[in-house]
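Let's take a walk through this model together, one piece at a time. Keep the viewer open and follow along.

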Amino acid sequence: MASESARKGRLLAAGSLLAAVILIFGALGLLGGLQGVAAQLKADHWKAEQPTGADHVTARMRTVRTAVTKEFPLPYGSGCYREDGGIAGGGEHPLGRACDFMLGPAGVMATGASEKEGERIVQWVRDHAGQYGIWYVIYRQHIWSSRHPERGWLPMEDRGSITENHYDHVHISVY
């Protein structure tokens with residue numbers, strides 16, 4: 001009985017020590033740095049891939065595209081590879097690591113059932129990010145990253161149009 005009491009005491013002391021370290025790191029502003037290290041370790045888990053095939057996407061992106069299109073009816077399809085990427089610096093599309101899942105015609109804001117379908121896709125992405133190597137998802141001028149899930153669903157800058165602000169599609173990028 002004494003050994004059980006001693007073991008519980010050691011566990012309590014270890015838990016208290018961990019809580020104190022977290023509190024101190026937080027007070028010193030170091031917790032964010034530790035979260036950054038954890039995020040980089042998560043990203044490093046996924047080895048870089050090169051695009052292959054006629055669709056010019058990575059095997060990982062192809063797997064995600066197949067899973068999403070199997071799970072969700074997308075009568076307007078998806079678009080992945082674009083040579084220019086559509087944004088300054090190109091983004092992930094030219095690298096074969098991104099696809100846009102259209103919720104309706106390009107340039108027409110998703111509303112009603114199509115908007116809800118976009119929300120379901122986003123939730124699916126967040127639920128399966130670790131399984132599929134999903135880096136981030138953009139929808140309705142917001143972004144969520146698996147590198148920093150604690151930051152939540154963050155607003156983005158206005159890019160100038162319905163499509164550029166992702167109101168007509170869900171954008172998924174993989175590591």
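**Starting at a helix**

Ala59 is found in helix H3, which covers residues 59-71; helices here are DSSP runs of H or I with at least four residues, strands are E runs of at least two, and both are numbered from the N terminus. Before going on, keep in mind that this is a predicted model, where local features need pLDDT of at least 70, side-chain atom pairs count only at pLDDT 80 or more, and totals for chains, interfaces and linings use all residues. Residues are numbered from 1 along each chain as its sequence is written, and side-chain values use heavy atoms, with hydrogens and water left out.

Back to Ala59: with a relative accessible area of 37%, Ala59 is partly exposed. Buried means under 20% relative accessible area, exposed means over 50%, and partly exposed is in between, with a 1.4 Å probe and protein chains only. Along the chain, Ala59 and Arg97 are 38 residues apart, yet their C-alpha atoms are separated by 9.0 Å.

Now zoom out. The chain has four helices and six strands, and read along the sequence they follow the pattern α-α-α-β-β-α-β-β-β-β. Of the 175 residues in the chain, 35% are buried. Take the contacts (heavy atoms within 4.5 Å) between residues at least 6 apart in sequence: 62% of them join residues at least 24 apart.

What sits in the middle of the nonpolar packing? A nonpolar core here is a set of buried Ala, Val, Leu, Ile, Met, Phe, Trp, Tyr and Cys residues joined through side-chain atoms within 4.5 Å. The largest one has 25 residues, and those with the most contacts inside it are Val64, Val68, Ile121, Trp124, Ile134, Val170 and Ile172. H3, S2, helix H4 (112-132), strand S3 (134-139) and strand S6 (169-174) each supply at least two residues of this core, and H4 gives the most, with six residues. In soluble globular proteins, nonpolar side chains tend to be buried together.

Click on Val170 to see some of that packing. Leaving aside neighbours within four places in sequence, Val170 is in contact with Cys99, Asp100, Phe101, Leu103, Gly118, Ile121, Val122, Val137, Ile138 and Tyr139. There is also a second, separate core of six residues, which includes Trp46, Tyr136, Met156 and Tyr175.

Next, the sulfurs. The count comes to one disulfide, taking a disulfide as a pair of cysteine sulfur atoms within 2.5 Å. That disulfide joins Cys80 to Cys99, with an S to S distance of 1.9 Å. The pair links distant parts of the chain: Cys80 is in the loop between strand S1 (78-79) and strand S2 (98-102), while Cys99 is in strand S2, 19 residues apart. The torsion about the S-S bond of Cys80 and Cys99 is about 100°, so the disulfide is right-handed. Both Cys80 and Cys99 are buried.

On to the rings. Rings of Phe, Tyr and Trp (its six-membered ring) pair if their centres lie within 6.5 Å; planes under 30 degrees apart count as stacked, over 60 as edge-to-face and the rest as tilted. By this rule there are three aromatic pairs. In one of them, the rings of Trp124 and Tyr132 have their centres 5.3 Å apart and their planes at 35°, so the pair is tilted. The rings of Trp135 and Tyr175 have their centres 6.0 Å apart and their planes at 15°, so this pair is stacked. This second pair links distant parts of the chain, with Trp135 in strand S3 and Tyr175 in the segment after S6, 40 residues apart. Trp135, Tyr136 and Tyr175 form one aromatic cluster.

Which side-chain polar contacts does His171 make with His93 and Ser173? His171 lies in strand S6 and is buried, with a relative accessible area of 5%. Its side chain makes a polar contact with the side chain of His93 at 3.4 Å, and another with the side chain of Ser173 at 2.7 Å. A polar contact is a pair of N or O atoms within 3.5 Å; within protein, one must be able to donate a hydrogen and the other to accept it, and residues adjacent in sequence count only if both atoms are side-chain atoms.
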